[in-house]
Amino acid sequence: MGKHFFSETDIKSVWEQVSTAFWQRYPNPYSTHVLTEDVVFREVTSDNLLLSRRLFTKTNRMPRWAERIFPGNLSRSVYIIEDSVVDPANRSLTTMTWNINHATFMRVVERCVFLGERDRPVWTRITREAWISSGVFGLSRPIQEFGLARFRSNQAKAMKGLEHALSNLQKASTACHGESAEKHKHLNSASKSQKPQQYI
Amino acid sequence: MNSVGEGCTELKREYDQCFNRWFAEKFLKGDRSADPCSELFHKYHTCVQKAIKEKDIPIEGVEFMGPSREKPDS
């Protein structure tokens, strides 16, 4: 059983900008359900791949009927791991994201690939695949269906969030043409409403 | 963006700023010189690991890209 999701989309942004924006997506206006974001592991391998692990906590919004059946789940956020490999030589960024708690209720595994297109270098192809399953006896089907619906909604927000981050990066490089990277970061920070004292 | 460790957010911001600059200006351009962010990461990482333990977050021993090795539920 379980539910499967697959989507493929092209965006007109250079892969280098997409992979830079990938790390700067949070917070954004569409990510109010993302409570915390942390890098817990990072390594550059000998063949120049960047491996990272991020830990997220997200709200656990469930439909009313699920809240009634699983009242204990309400109080606990969902912990999510996102592992990624950036391969600059092949212009690819591959991510694997899954929840490490609430897994019996529902497990969502998502694999995402951001690939710079060889034939159209200003475009990036985004391939997203997800598997949604539930281990709750007798309720797995409605839980999976709700999970798939929530996943679709979240991935639409994720795309908007990425586009928001890309737009910030592009604005920063237009405004700061010729200036230092430090200044670029400040403009990016401004759009994320960070404290003014942080600017030099 | 907040860190899972309430006291770690400032350290996170400093590390993120350093990383974002290094990623775009060095890593993507094939510059393999030494990572300028390792000290910042170490401070931030120590703080976050403490918070993870305190909150009992089950992240220990989870294999990198774990689910890619498992058969997806069908």
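**Entry 1: the salt-bridge network**

I began with the charged side chains and found a network of salt bridges that links A:Arg25, A:Glu37, A:Arg54, A:Glu82, B:Lys12 and B:Asp16. I note at the outset that this is a predicted model.

I then looked up A:Glu37. A:Glu37 forms a salt bridge with A:Arg54, and the closest N and O atoms are 2.6 Å apart. A:Glu37 sits in strand β2 (residues 34–44) of chain A and A:Arg54 in strand β3 (residues 50–58) of chain A, so the pair ties together parts 17 residues apart in sequence. A:Glu37 counts as buried because its relative accessibility is 5%. A:Arg54 is also buried, at 1% relative accessibility.

A:Glu37 has a partner in chain B too: B:Lys12, with the closest N and O atoms 3.1 Å apart. I checked how many salt bridges the rule finds across the interface of chain B and chain A, and the count is one.

**Entry 2: the interface of chain B and chain A**

I turned to the contacts next. In chain B, 40 residues are in contact with 51 residues of chain A. The area buried between chain B and chain A is about 3900 Å². Carbon and sulfur atoms give 63% of that area.

I then listed the elements that give two or more residues to the side of chain B that touches chain A: α1 (9–25) and α2 (38–54) of chain B. Of the elements, α1(B) gives the most to that side, with twelve residues. I also sorted the residues of the side of chain B that touches chain A by type, and they divide into 21 nonpolar, nine polar and ten charged.

**Entry 3: other salt bridges**

I counted 17 salt bridges in the structure over all chains. One that I looked up in chain A joins A:Arg120 to A:Asp10, with the closest N and O atoms 2.9 Å apart. This pair links distant parts of the chain, 110 residues apart. A:Arg120 is in the loop between β6 (107–116) and β7 (124–133) of chain A, and A:Asp10 is in strand β1 (residues 3–11) of chain A. A:Arg120 counts as partly exposed, at 35% relative accessibility. A:Asp10 is likewise partly exposed, at 25%.

In chain B I looked up B:Asp31, which forms a salt bridge with B:Lys26. The closest N and O atoms of B:Asp31 and B:Lys26 are 3.5 Å apart. Is B:Asp31 buried or partly exposed? B:Asp31 is partly exposed, since its relative accessibility is 30%. B:Lys26 falls in the partly exposed class as well, with a relative accessible area of 34%.

**Entry 4: disulfides**

I found two disulfides over all chains. One is formed by B:Cys8 and B:Cys47, whose sulfur atoms are 2.1 Å apart. The torsion about the S-S bond of B:Cys8 and B:Cys47 is about -90°, so I recorded this disulfide as left-handed. The pair links distant parts of the chain, with B:Cys8 in the segment before α1 of chain B and B:Cys47 in helix α2 of chain B, 39 residues apart. B:Cys8 is buried, at 2% relative accessibility.

A disulfide also joins B:Cys18 to B:Cys37, S to S 2.1 Å. The link of B:Cys18 and B:Cys37 is left-handed, with -90° about the S-S bond. B:Cys18 lies in helix α1 of chain B and B:Cys37 in the loop between α1 and α2 of chain B, 19 residues apart. B:Cys18 counts as buried at 11% relative accessibility, and B:Cys37 counts as buried at 2%.

With the bonded cysteines counted along the chain, I wrote down the pattern of the disulfides of chain B as 1-4, 2-3.

Notes. Residues are numbered from 1 along each chain as its sequence is written. Chains are lettered from A and ligands numbered from 1 in the order in which they are written. This is a predicted model: local features need pLDDT of at least 70, side-chain atom pairs count only at pLDDT 80 or more; totals for chains, interfaces and linings use all residues. Side-chain values use heavy atoms; hydrogens and water are left out. Contact means heavy atoms within 4.5 Å. Buried area is the accessible area (1.4 Å probe) that two parts lose on being put together, summed over both. A salt bridge is a side-chain nitrogen of Lys or Arg within 4 Å of a carboxyl oxygen of Asp or Glu. Helices (H or I, at least four residues) and strands (E, at least two) are DSSP runs, numbered from the N terminus. Ala, Val, Leu, Ile, Met, Phe, Trp, Tyr, Cys and Pro count as nonpolar, Asp, Glu, Lys and Arg as charged, and the others, Gly among them, as polar. Buried means under 20% relative accessible area, exposed over 50%, partly exposed in between (1.4 Å probe, protein chains only). A disulfide is a pair of cysteine sulfur atoms within 2.5 Å.
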